[in-house]
Amino acid sequence: MMDLKGVFSLIFLCAGLLVLFSNTGGVYAGDIVHDDNLAPKKPGCENDFVLVKVQTWVDGIEDEEFVGVGARFGTTIVSKEKNANQTHLFLSDPRDCCGPANKKFDGDILMVDRGNCKFTTKANFAEAAGASAVLIINNEKELYKMVCEPDETDLDIHIPAVMLPQDAGATLEKMLSNGSSGISVQLYSPRRPVVDIAEVFLWLMAVGTILCASYWSAWSAREAAIEQDKFLKDAPDELPNIKGNSGSSVVDINTTSAILFVVVASCFLILIYKLMSYWFIELLVVLFCIGGVEGLQTCLVAFLSRWFKQAGESFIKVPVFGAVSYLTLAVAPFCIAFAVVWAVYRDVSFAWIGQDILGIALIITVLQIVRIPNLKVGTVLLSCAFIYDIFWVFVSKKLFKESVMIVVARGDRSGEDGIPMLLKIPRLFDPWGGYSIIGFGDILLPGLLVAFSLRYDWLANKSLRAGYFLWAMFAYGLGLLITYVALNLMDGHGQPALLYIVPFTLGTFLALGRKRGDLKILWTRGEPDRVCPHVRLESTQESL
């Protein structure tokens, strides 16, 4: 039989291996591939790289929209749709525009193949032919930034140049070859808002998840302490057995497991990076659904048991699972159905709601079951995760030519929209769409420390202001807020959230503990000194 602790340990194992490689990321729909520092600016070649919307019209009827990337050279592209003109589109002749055009154009837009000559050469020949802009079709599906060669001097280009991916070019060429009387396009590059409401809601979700999980964990710890005190009072002779009878459903992390946790997660991250494919994402979806079902079921049973206490305390023996409450049996089909429906329809626009519900339930359950026993273990765990996050977001670029963490989070090369181990909300007011995301690890790992702080406060009978929880919660919220500020300053490039969250959260806890003189107890025991009721009872009897 798999008892409750075994099931939860399984959840932690599955969740733990999967959550650590998720990081706080920005808008990953339509992100450009290469970094700006690989393409230095110089006079005549100093435009910022921007995404460009290419809206098409066929015979005056609005048709498909494509996304390209503007070149470092040429004139800038208007940002507002109302200021962008509809302009006729023509194929270049020669197709690669590496020589003078065979006909003149009257302010039309020219579509050319990538070919073998320089991008600036194409733009110069297109401008000489009278084109108002040039669309360069890449020979691959990805978007690449068009830059200038170090020795180029002919950079006095007065038309914009935009690169489109190969599939977009094939569609446009098909439109042009269908014999339509006119294909028109409109080029504009809308700016992203400085702050999207999605980031506000995501911040509230992360903070609210830790808040709920911390109170549940602290309440369970206080109930266990009350039961222990009652047991010691009623049966003081059985003191040696008390430790084995309490906290059977709690998994305490030690220093060794905290280090191994990050090492194993790194190995798992590399495995996913190397094996990233459609079937591997499907496997992760299955694992996520298993953890999500268990988490949702645990949360619902704990919530409903307040009104259905008898059903929650009445058990029936089920093969493999052992003793299971009637309330669990009643809730399980709903949880399984919820996860299955989400998995089947996860590609629809509102599927993020189901993913977030399953994810939050899993995080809350893990934070309720998995605990750090003292500040020493918490410091080791968060310090390792701090290094881990920075390494796989930033340093891995030097080794793998791309950020392994961000590639895995976005699901690049898998044909999917990314891994499911993320909380995400669509960017409602962003003209480019996409999602704001945060990885489970960026909530769960700091959440372990925050939950520990509230358990300590309750066991020590500290008020909210005199305790550690309020300050730890505030530090986490501030650290996450700084993460989103950095995210927007970096133009949506993914940021390692733990780079900002760990110093705020852990630093606040350590500094406050030292100032109040509690650091030694927090670091070693993790629990305040409590008077044993049976000892107090015996002393009272002796004095009489």
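Predicted model: local features only at pLDDT ≥ 70, side-chain atom pairs only at ≥ 80, totals over all residues.
Good morning. The strands concerned are E4, residues 109–113, and E5, residues 133–137, which pair in the parallel sense over 5 bridges.

Which residues of H2 are buried? They are Phe119, Thr120, Lys122, Ala123, Asn124 and Ala126. The buried residues of H2 pack against E4, E5 and E6. After H2 comes Gly130, which has a positive phi, near 95°.

Now to the arrangement of the strands. In what order do the 7 strands close into a barrel? The order is E1-E2-E6-E5-E4-E3-E7, and the pairing is mixed. From one strand to the next, the twist averages 40°. Helix H3, residues 166–177, lies across E1, E2, E3, E4, E5, E6 and E7. Relative to E2, residues 61–70, helix H3 runs at about 145°.

Strand E2 also holds Val69. Val69 counts as buried because its relative accessibility is 1%, the cut-off for that term being under 20%. The C-alpha atom of Val69 is separated by 7.5 Å from that of Tyr144, although the two residues are 75 apart along the chain.

I continue with strand E7, residues 183–188. How many of the 6 residues of E7 are buried? The count is 6 of 6, and the strand is described as mostly covered. Both faces of E7 are covered.

E7 has two pairings to report. With strand E1, residues 51–58, E7 pairs in the antiparallel sense over 6 bridges, and here Val58 stands opposite Ile183. With strand E3, residues 87–91, E7 again pairs in the antiparallel sense, over 2 bridges; in this case Thr87 stands opposite Val185.

Strand E12, residues 422–426, and strand E13, residues 435–439, run antiparallel and are joined by 5 bridges. Within this pairing, Ile425 stands opposite Ser436 of E13. Strand E13 is mostly covered, with 4 of its 5 residues buried.

Finally, I come to a packing of two helices. The axes of H10, residues 351–369, and H13, residues 441–459, come within 10 Å and cross at roughly 30°. H10 is therefore roughly parallel to H13, since angles under 35 degrees are counted in that class. The crossing of the two helices is right-handed. Which residues make the contact? From H10 they are Ile363, Val366 and Leu367, and from H13 they are Ile443, Leu444, Gly447 and Leu448. The residues of this contact divide into 6 nonpolar, 1 polar and no charged.

To close, I return to the barrel: its 7 strands follow the order E1-E2-E6-E5-E4-E3-E7, and helix H3 lies across each strand from E1 to E7. Thank you.

Technical notes
Residues numbered from 1 in each chain as written. Heavy atoms only, no water. Axes fitted to C-alpha atoms, helices over the stretch in contact; angles between N-to-C directions. Parallel < 35°, antiparallel > 145°, perpendicular 65-115°, else oblique. Left-handed = near helix turned anticlockwise from the far one by under 90°. Contact = heavy atoms within 4.5 Å. Nonpolar A, V, L, I, M, F, W, Y, C, P; charged D, E, K, R; others polar. Buried < 20%, exposed > 50% of the residue type's maximum accessible area, 1.4 Å probe, protein only. Pairing = 2+ DSSP bridges.
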